[in-house]
Amino acid sequence: NGETVAVLYVGSSKDDLALLQQAFRSEVVRDTAVAAAALSAVIAAVSVFLLLSIRQLQRAVGRMQGGAYETRVTIRRRDEIGDLGKSFNVMGDSLQGSFRQITTMRDAYARYVPREFLRLLGKREIQEIELGNQVEVDMAVLFADIRSFTLLSEAMKPQENFNFLNSYLSRMGPIIRANHGFIDKYLGDGIMALFAGDRPDDPTGRGQDPARASADAVAAATAMQQELFTYNRQRRRMGYPPIQVGVGVHAGKVMLGILGEEERREGTVIADVVNLASRLEGLTKVYGARIIVSDQVIRMMGAGAPDHRYLGDAEVKGKRAEVPVHEVFAADPEEDVRRKRHTRGFFETGVGLFRQSERRHQAGFRVEALRYFRAVAKAHPEDRAAAYYLAACS
């Protein structure tokens, strides 16, 4: 009926409250410790993973700095570090593409300015060369020229001319490089090659070696003539006429450098050596020889010179004094080599007598020389140098 019939009082003592607070504090401390430990473990794991990712990036940067442009990283994260890894890989792709392009361009430039030319100038890249850069070097110079090229070219169309020349040059170029030389320039159907006698990977550090340069040039000339036999066999099978090539080699000091003007420059060599090497190549037509070298080259090679014989002292355009020249016949057909070896003594004796008649103006020496050249011609009727001297003696 709304009347109070009793009052119930419920309370707790201070001790009860103290126990309750103590229990609460224990639970809070325990839960906090667990949470802190879990958080610390998570932070440690994240830190280690982050550190590993950063170190992976650091190592990758170091490898790329060392030239390993193909280096890539794999970071499976979706945060800023993951984005950094993706950016690094994109940068690597871009750098690798750029360096491929640079390498392609450098290789392309090397086809026009040989690396050996830059090395002799003390330069590493083509952009380092400047107008007027020059150096004096002991070198052997080789000239090679196709005989009667004008007549050959008249029978061919322009495209056939280019195809023929490129086919021929593609065989000669590797031979020159294999013998430690490089092509300075193409002269239509001719080749001008240089040999410094150095080896970039030579542990002795000998640098330019004139004797080795001469040996390299003559070895290249011999190998070119031997390759020509194979080339001519292929031409015959294809219905084309064979070709003949004359080679001249001389050695000495040259000035190697950069000529031209600001908008057009060219690497070249300037020296009397170059002119004489070209004249010696021209003398191959006179003596009917495949390879003619100067006496300087023979003396440089010493006992290592291949089969050769003294052709006499030739008058060379541009030279006041006559020049002693030699025919290197080591690359002739085997039978010709055998016969020239057999008749070399008679031939050189005849040349000596002929030179005596020239100097002393005495017919007796020429008559005696004629006997020797007749003996050579009898033993080797195809010897064109002997035929030249027979005509001169007569």
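A: Let's begin with a word we'll need a lot: two residues are in contact when they have heavy atoms within 4.5 Å of each other. Helices (H or I, at least four residues) and strands (E, at least two) are DSSP runs, numbered from the N terminus. Keep in mind that this is a predicted model: local features need pLDDT of at least 70, side-chain atom pairs count only at pLDDT 80 or more, and totals for chains, interfaces and linings use all residues. Residues are numbered from 1 along each chain as its sequence is written, and side-chain values use heavy atoms, with hydrogens and water left out.

Start with α5, which covers residues 158–178, and α6, which covers residues 210–237. Two packed helices are described by the angle between their axes and the distance between the axes. For α5 and α6, the angle is about 145 degrees and the axes are 9 Å apart. (Axes are lines fitted to C-alpha atoms, for helices over the stretch in contact, and angles run from 0 to 180 degrees between N-to-C directions.) This pair crosses in a right-handed way. As for the handedness, a crossing is left-handed if the near helix is turned anticlockwise from the far one by less than a right angle, and right-handed if clockwise.

Who actually touches whom here? On the α5 side you'll find Phe164, Ser167, Tyr168, Arg171, Met172, Ile175 and Ile176, and they meet Ala220, Ala223, Met224, Glu227, Leu228, Tyr231, Gln234 and Arg235 of α6. Sorted by type, the residues of this contact come to 10 nonpolar, two polar and three charged. (Ala, Val, Leu, Ile, Met, Phe, Trp, Tyr, Cys and Pro count as nonpolar, Asp, Glu, Lys and Arg as charged, and the others, Gly among them, as polar.)

Who contributes? A nonpolar core is a set of buried Ala, Val, Leu, Ile, Met, Phe, Trp, Tyr and Cys residues joined through side-chain atoms within 4.5 Å, where buried means under 20% relative accessible area, exposed over 50%, and partly exposed in between (1.4 Å probe, protein chains only). In soluble globular proteins, nonpolar side chains tend to be buried together.

Now zoom in on isoleucine 191. Skip its neighbours within four places in sequence, and isoleucine 191 still contacts Leu142, Phe143, Ala144, Tyr168, Leu169, Met172, Ile176, Ile183, Lys185, Tyr186 and Met224.

Serine 148 sits in the loop between β1 and α4, and its phi is near 55 degrees, a positive value for a residue other than glycine. Histidine 180 belongs to the loop between α5 and β2 (181–187). Histidine 180 isn't a glycine either, yet it has a positive phi of about 70 degrees. With 38% relative accessibility, histidine 180 is partly exposed.

α10 (residues 363–379) and α11 (residues 384–393) pack at about 150 degrees, with axes 9 Å apart. These two are therefore roughly antiparallel; angles under 35 degrees count as roughly parallel, over 145 as roughly antiparallel, 65 to 115 as roughly perpendicular and the rest as oblique. The crossing of α10 and α11 is left-handed. Arg366, Ala369, Leu370, Phe373, Arg374, Val376 and Ala377 of α10 make the contact with Ala386, Tyr389, Leu390, Ala392 and Cys393 of α11. That contact splits into 10 nonpolar, no polar and two charged residues.

And α10 has another partner: its axis comes within 8 Å of the axis of α9, crossing at roughly 160 degrees. So α9 and α10 are roughly antiparallel. Their crossing is left-handed, and the residues in contact are 12 nonpolar, five polar and five charged. Threonine 343 lies in α9 (residues 334–360) and is buried, at 5% relative accessible area. Leaving out residues up to four places away in sequence, threonine 343 touches Val376 and Ala379.
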